Amino acid sequence: MIDSNVVDALASRLLGPEHKSVPPQAWGLGIREFLATRPTLSQFQTPLLTLDDGRLQHNVDVMATWAEKSGVKLAPHGKTTMAPTLWRRQLESGAWAITLATIWQVQTARSFGVDRVMLANALVDPVGLTWLARELDEHPEFEFVCWADGLDTVRAMNHILDNTTGTRPVDIVVELGGEHGRTGARTIEEARSVAKAVADSPRLNLVGVGGYEGALSHDRSDSGLEAVRTYLDAVGALHRELDAAGLYSGTALITAGGSAYQDLVVERLASFADEDGARGVPTSVVLRSGAYIIHDDGFYSQISPMIPARSDDALTSAMHGWARVVSRPEPGLALLDAGKRDLPFDEGLPTPQSIDAAEVTALNDQHAFLRFPDDDAAAPIGSVVRLGLSHPCTAFDKWRLIPVIDDADAEDPRVVDLVHTFF
């Protein structure tokens, strides 16, 4: 599923000043060589983003067990981390595939030997689709599926593929959207016509239906949950129609699921799973949650169904920010050396975890505004503040190399790995 030799080779790369916050004494050393010195968190510069090794593995195990018990396959969205080292953890724990968002991300995955990929997007880029046609022909073991949501998309793909030397058809999931959502055919009727056009194309195979329910709600209010359920029921209805019409090429998949409503995906769609084809075309239900491996202390800690208030085996935040107090310009205010270029902020600001009654009220490019009750003893110059973060999808893209620590709660955690990202 992934080439471990290529992933392991990342540990031979040399460290240098291009790796943000890595200590200068590590520059020129290979990662494996540096880790052999048993470095600790205090040796790194700030600002810093870290991952907690035990929490990462806990989250991977929890999700793998949950998916297996629920009767669904897991194709985690790899764009969350763009970290092949972490993809390997997920695949080795039973993930069926890796989901990605752009053809360049797919190409990155292929360079690490990932052999089953879902592109949760349409592919009409001529350069990318030409590459894909060649890749499919040269590597018969490579399984790939992408999405289409309109007749113009099907026509564009056919035109590009007709001008390649490729012979393997491209597998297609018809994407159903929703009003005020993102991409996706807006009605079942439109989706049905797209499916018919795909089935009629010699260059494409119709293999499933799906979409993204997270675009239709941003909370767990009654109205939000009902909107998601209604949408997922429509996806199931579309599958039934296409199966009854005999449009699938041999097997089918139904795919949905971000990291906020995976419980509803199982509730409304898991019953369609029919791997043996006893009720029609052999069908798999594929969940694409991506953020679960990291989770967070913000958005997902509130909306996910896999938190302590909603689950006996909950996810836990595996990422933290670390920032140093560099200024105390007025009572009750400290400026930290981490900002928008270091930490996520689109789904909530960082939350201080090591100072009582403190709050981050704003981020500049390279500073955080930390406010707290006027207390000269709080946040002295040079002290380091641990921060809870929200939304892993916009945390990883700010770092080329992320330290993995053995225990974020330790006095001076040991750095046990360095994870490369590819953004």
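Select β4 (116–122) and β5 (143–148): the two strands run parallel and are paired through five bridges. Helices (DSSP runs of H or I, at least four residues) and strands (runs of E, at least two) are counted from the N terminus, and strands count as paired when DSSP finds at least two bridges between them. The model is predicted, so local features are reported only where pLDDT is at least 70 and side-chain atom pairs only at 80 or more, while totals for chains, interfaces and linings take in all residues. Residue numbers start from 1 along each chain as its sequence is written, and side-chain values rest on heavy atoms, without hydrogens or water.

**The sheet and its edges**

Contact here means heavy atoms within 4.5 Å.

Now colour the whole sheet. It is open, has eight strands and pairs in parallel, in the order β2-β9-β8-β7-β6-β5-β4-β3. Which strands stand at the edges? They are β2 (73–74) and β3 (98–100); each has a single partner strand, so one side of each has no neighbour in the sheet.

**Strand β9**

Move to β9 (283–287). Five of its five residues are buried, so the strand is largely enclosed by the rest of the structure. Buried means under 20% relative accessible area, exposed over 50% and partly exposed in between, with a 1.4 Å probe and protein chains only.

On one pairing, β9 runs parallel to β2 over two bridges, and Lys 73 is found opposite Val 286. β9 also runs parallel to β8, through five bridges; there Ala 256 has Leu 287 as its bridge partner.

Next select helix α10, residues 262–269, whose buried residues are Gln 262, Leu 264, Val 265, Val 266 and Leu 269. These pack against α3 (53–70), α9 (222–244), β8 (252–256) and β9.

**Aromatic rings and charges**

The structure contains four aromatic pairs. For one of them, select Phe 112 and Phe 422: the ring centres are 5.3 Å apart and the planes are at 65°, so the pair is edge-to-face. Rings of Phe, Tyr and Trp (its six-membered ring) pair when their centres lie within 6.5 Å; planes under 30 degrees apart are stacked, over 60 edge-to-face, and the rest tilted. Phe 112 is in the loop between α5 (103–111) and β4, and Phe 422 in the segment after β17 (415–420), so the pair ties together parts 310 residues apart in sequence. Both residues are buried.

Then look at two lysines over rings. Lys 20 lies over the face of Trp 399, 3.9 Å from the ring centre, and Lys 340 over the face of Phe 345, at 5.3 Å. The test is that NZ of Lys or CZ of Arg is within 6 Å of the ring centre and within 35 degrees of the ring normal.

**Loops and backbone**

Select Thr 46 and Pro 47, which are joined by a cis peptide bond with omega of about 5°. Pro 47 sits in the loop between α2 (31–35) and β1 (48–52).

Two alanines have positive phi. Ala 357, in the loop between β12 (351–352) and β13 (359–363), has phi near 60°. Ala 379, between β14 (368–371) and β15 (384–388), has phi of about 50°. Which of the two is buried, and which exposed? Ala 357 is exposed at 62% relative accessible area, whereas Ala 379 is buried at 5%.

For a distance across the model, go to Ser 201, in the loop between α8 (188–200) and β7. Ser 201 is buried, at 8% relative accessible area. Its C-alpha atom is separated by 53 Å from that of Ala 362, which is 161 residues away along the chain.

**Cysteines**

Finish with Cys 146, buried at 0% relative accessible area, and Cys 393, buried at 14%. How many disulfides does the whole structure hold? The search finds zero, a disulfide being a pair of cysteine sulfur atoms within 2.5 Å.
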